[in-house]
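Here's a short tour of some local features worth a look before you set anything up. Have the sequence and the model open side by side.

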Amino acid sequence: MEIPNELSKTFTKSHFLNYPKILIPQNFADDRGTIKNIADGKLGDVAIISSKANSIRANHVHDNDWHLSYVVSGSMRYFWKSDIKDNEIKSILVEAGEMVYTPKEVPHKMQFLEDSIFIAISQLSRVQENYEEDTKRLPDNFFA
(Lines give C-alpha, C1' and ligand atoms only; values in the text may rest on other atoms or scores of the structure.)
Protein backbone atom coordinates (compact mmCIF):
# COMPACT_ATOMS: atom_id res chain seq x y z
CA MET A 1 0.00 0.00 0.00
CA GLU A 2 1.42 3.34 -1.05
CA ILE A 3 1.17 6.04 1.60
CA PRO A 4 0.01 9.36 0.13
CA ASN A 5 2.83 11.90 -0.07
CA GLU A 6 0.55 14.52 1.49
CA LEU A 7 0.38 12.62 4.79
CA SER A 8 3.14 13.28 7.29
CA LYS A 9 5.78 10.80 8.38
CA THR A 10 3.59 9.87 11.37
CA PHE A 11 1.92 7.44 8.94
CA THR A 12 4.06 4.39 8.19
CA LYS A 13 3.46 1.25 6.15
CA SER A 14 2.49 -0.55 9.36
CA HIS A 15 -0.54 1.75 9.70
CA PHE A 16 -1.86 0.46 6.36
CA LEU A 17 -1.34 -3.30 6.90
CA ASN A 18 -5.07 -3.97 7.38
CA TYR A 19 -6.18 -1.90 4.36
CA PRO A 20 -8.78 -0.49 3.88
CA LYS A 21 -8.86 -0.12 7.67
CA ILE A 22 -5.86 1.82 8.88
CA LEU A 23 -4.44 2.42 12.31
CA ILE A 24 -4.63 5.90 13.79
CA PRO A 25 -1.02 7.12 13.86
CA GLN A 26 -1.04 9.04 17.14
CA ASN A 27 -3.02 8.35 20.32
CA PHE A 28 -2.48 10.08 23.64
CA ALA A 29 -4.24 9.44 26.93
CA ASP A 30 -4.00 10.91 30.40
CA ASP A 31 -6.33 11.58 33.31
CA ARG A 32 -8.14 14.29 31.31
CA GLY A 33 -9.09 11.96 28.44
CA THR A 34 -7.69 11.07 25.03
CA ILE A 35 -6.44 12.69 21.85
CA LYS A 36 -6.48 10.82 18.53
CA ASN A 37 -4.61 12.56 15.73
CA ILE A 38 -6.39 10.95 12.78
CA ALA A 39 -4.60 12.90 10.03
CA ASP A 40 -1.50 15.01 9.70
CA GLY A 41 0.08 16.58 6.64
CA LYS A 42 -0.96 18.71 3.70
CA LEU A 43 -4.72 18.19 3.48
CA GLY A 44 -7.29 19.71 1.16
CA ASP A 45 -10.53 19.26 3.12
CA VAL A 46 -11.95 17.98 6.39
CA ALA A 47 -15.71 17.41 6.56
CA ILE A 48 -18.02 16.13 9.30
CA ILE A 49 -20.78 14.10 7.66
CA SER A 50 -23.90 12.69 9.30
CA SER A 51 -25.73 9.78 7.72
CA LYS A 52 -29.08 8.23 8.56
CA ALA A 53 -29.50 4.50 9.13
CA ASN A 54 -29.75 2.52 5.87
CA SER A 55 -28.48 5.43 3.76
CA ILE A 56 -25.82 5.06 1.05
CA ARG A 57 -22.95 7.46 0.44
CA ALA A 58 -20.19 7.44 -2.14
CA ASN A 59 -20.90 4.72 -4.76
CA HIS A 60 -18.34 6.45 -6.92
CA VAL A 61 -14.65 6.62 -7.80
CA HIS A 62 -12.23 9.57 -7.67
CA ASP A 63 -9.78 10.14 -10.52
CA ASN A 64 -7.18 11.93 -8.39
CA ASP A 65 -8.41 12.30 -4.81
CA TRP A 66 -7.85 9.98 -1.87
CA HIS A 67 -9.56 10.19 1.52
CA LEU A 68 -9.55 8.92 5.06
CA SER A 69 -12.93 8.24 6.71
CA TYR A 70 -13.01 8.15 10.52
CA VAL A 71 -16.26 6.92 12.10
CA VAL A 72 -17.09 9.05 15.14
CA SER A 73 -20.37 7.31 16.00
CA GLY A 74 -22.48 4.58 14.46
CA SER A 75 -21.24 2.07 11.93
CA MET A 76 -21.07 1.41 8.23
CA ARG A 77 -20.34 -1.34 5.78
CA TYR A 78 -17.58 -0.16 3.43
CA PHE A 79 -17.50 -1.72 -0.05
CA TRP A 80 -14.68 -1.44 -2.58
CA LYS A 81 -13.09 -3.01 -5.64
CA SER A 82 -9.40 -2.89 -6.51
CA ASP A 83 -10.22 -0.94 -9.65
CA ILE A 84 -13.13 -0.14 -11.95
CA LYS A 85 -12.69 -3.38 -13.98
CA ASP A 86 -12.38 -5.68 -10.96
CA ASN A 87 -15.27 -8.14 -10.49
CA GLU A 88 -14.49 -8.98 -6.87
CA ILE A 89 -16.51 -6.97 -4.36
CA LYS A 90 -14.87 -6.62 -0.96
CA SER A 91 -16.55 -5.28 2.16
CA ILE A 92 -15.72 -4.64 5.78
CA LEU A 93 -17.61 -3.46 8.86
CA VAL A 94 -16.32 -0.11 10.15
CA GLU A 95 -17.37 0.89 13.66
CA ALA A 96 -16.98 3.99 15.81
CA GLY A 97 -13.30 4.74 16.45
CA GLU A 98 -12.12 3.05 13.24
CA MET A 99 -10.84 4.61 10.04
CA VAL A 100 -10.63 3.47 6.40
CA TYR A 101 -8.46 4.73 3.56
CA THR A 102 -9.70 5.10 -0.03
CA PRO A 103 -6.95 5.59 -2.63
CA LYS A 104 -7.60 7.39 -5.91
CA GLU A 105 -9.16 5.24 -8.67
CA VAL A 106 -10.74 2.81 -6.15
CA PRO A 107 -14.50 2.36 -6.54
CA HIS A 108 -16.16 2.53 -3.13
CA LYS A 109 -19.51 2.74 -1.37
CA MET A 110 -20.61 3.28 2.23
CA GLN A 111 -23.82 1.79 3.63
CA PHE A 112 -24.71 3.13 7.06
CA LEU A 113 -26.12 0.52 9.43
CA GLU A 114 -27.38 3.06 11.96
CA ASP A 115 -27.44 6.82 12.35
CA SER A 116 -23.76 7.70 12.05
CA ILE A 117 -21.27 10.54 11.98
CA PHE A 118 -17.93 10.33 10.22
CA ILE A 119 -15.09 12.67 9.37
CA ALA A 120 -13.88 12.66 5.76
CA ILE A 121 -10.33 13.92 5.26
CA SER A 122 -9.33 14.50 1.63
CA GLN A 123 -6.21 15.33 -0.32
CA LEU A 124 -8.02 17.78 -2.60
CA SER A 125 -10.29 20.70 -1.86
CA ARG A 126 -13.91 19.66 -1.81
CA VAL A 127 -15.24 22.90 -3.23
CA GLN A 128 -18.25 21.54 -5.11
CA GLU A 129 -16.99 22.09 -8.66
CA ASN A 130 -13.60 20.49 -7.85
CA TYR A 131 -15.29 17.54 -6.19
CA GLU A 132 -17.69 16.93 -9.06
CA GLU A 133 -14.92 17.17 -11.66
CA ASP A 134 -12.89 14.46 -9.86
CA THR A 135 -15.83 12.17 -8.99
CA LYS A 136 -17.36 9.58 -11.32
CA ARG A 137 -20.71 8.19 -10.15
CA LEU A 138 -21.26 4.43 -10.41
CA PRO A 139 -24.49 2.63 -11.31
CA ASP A 140 -26.67 1.74 -8.31
CA ASN A 141 -26.01 -1.97 -8.95
CA PHE A 142 -22.21 -1.64 -9.27
CA PHE A 143 -21.68 -3.36 -5.89
CA ALA A 144 -24.58 -5.83 -6.29
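## Around His67

Let's start with a side-chain pair: His67 and Ser69 are joined by a polar contact of 3.4 Å. Keep in mind that this is a predicted model. His67 belongs to strand β6, which covers residues 67-73.

Is His67 buried or exposed? It's buried, because its relative accessible area is 4% and the cut-off for buried is under 20%. Setting aside neighbours within four places in sequence, the residues in contact with His67 are His62, Val100, Tyr101, Thr102, His108, Met110, Ile121, Ser122 and Arg126.

## Aromatic rings

How many aromatic pairs does the structure hold? There are nine aromatic pairs. Phe11 and Phe16 make up a tilted aromatic pair, with 6.1 Å centre to centre and 50° between the planes. That angle counts as tilted because stacked needs planes under 30 degrees apart and edge-to-face needs over 60.

Both partners sit away from the surface by the numbers: Phe11 is buried at 4% relative accessibility, and Phe16 is buried at 3%. Phe11 and Phe16 also belong to one aromatic cluster, together with Tyr19, Trp66, Tyr78, Trp80 and Tyr101. Tyr101 has come up already, as one of the residues in contact with His67.

## Lysines over rings

The charged end of Lys109 is placed over the ring of Phe79, 5.0 Å from the ring's centre. Lys81 lies over the face of Phe143, and here the distance to the ring centre is 5.9 Å.

Now for the backbone. Most residues other than glycine have a negative phi, and most peptide bonds are trans. Against that background, a few spots deserve a check.

Which residues does a cis peptide bond join? The bond links Tyr19 and Pro20, with omega at about 10°. Pro20 is in the segment before β1 (21-22), while Tyr19 is one of the members of the aromatic cluster.

Then there are the positive phi values. Ala58 isn't a glycine, yet its phi is positive at about 70°. Ala58 is found in strand β5, residues 56-62. With a relative accessible area of 24%, Ala58 is partly exposed. Glu105, also a residue other than glycine, has a positive phi near 65°. Where is Glu105 placed? Glu105 is in the loop between β9 (99-102) and β10 (108-112).

Key:
Residues are numbered from 1 along each chain as its sequence is written. This is a predicted model: local features need pLDDT of at least 70, side-chain atom pairs count only at pLDDT 80 or more; totals for chains, interfaces and linings use all residues. Side-chain values use heavy atoms; hydrogens and water are left out. Helices (H or I, at least four residues) and strands (E, at least two) are DSSP runs, numbered from the N terminus. Buried means under 20% relative accessible area, exposed over 50%, partly exposed in between (1.4 Å probe, protein chains only). A polar contact is a pair of N or O atoms within 3.5 Å; within protein, one must be able to donate a hydrogen and the other to accept it, and residues adjacent in sequence count only if both atoms are side-chain atoms. Contact means heavy atoms within 4.5 Å. Rings of Phe, Tyr and Trp (its six-membered ring) pair if their centres lie within 6.5 Å; planes under 30 degrees apart count as stacked, over 60 as edge-to-face and the rest as tilted. A charge sits over a ring if NZ of Lys or CZ of Arg is within 6 Å of the ring centre and within 35 degrees of the ring normal.
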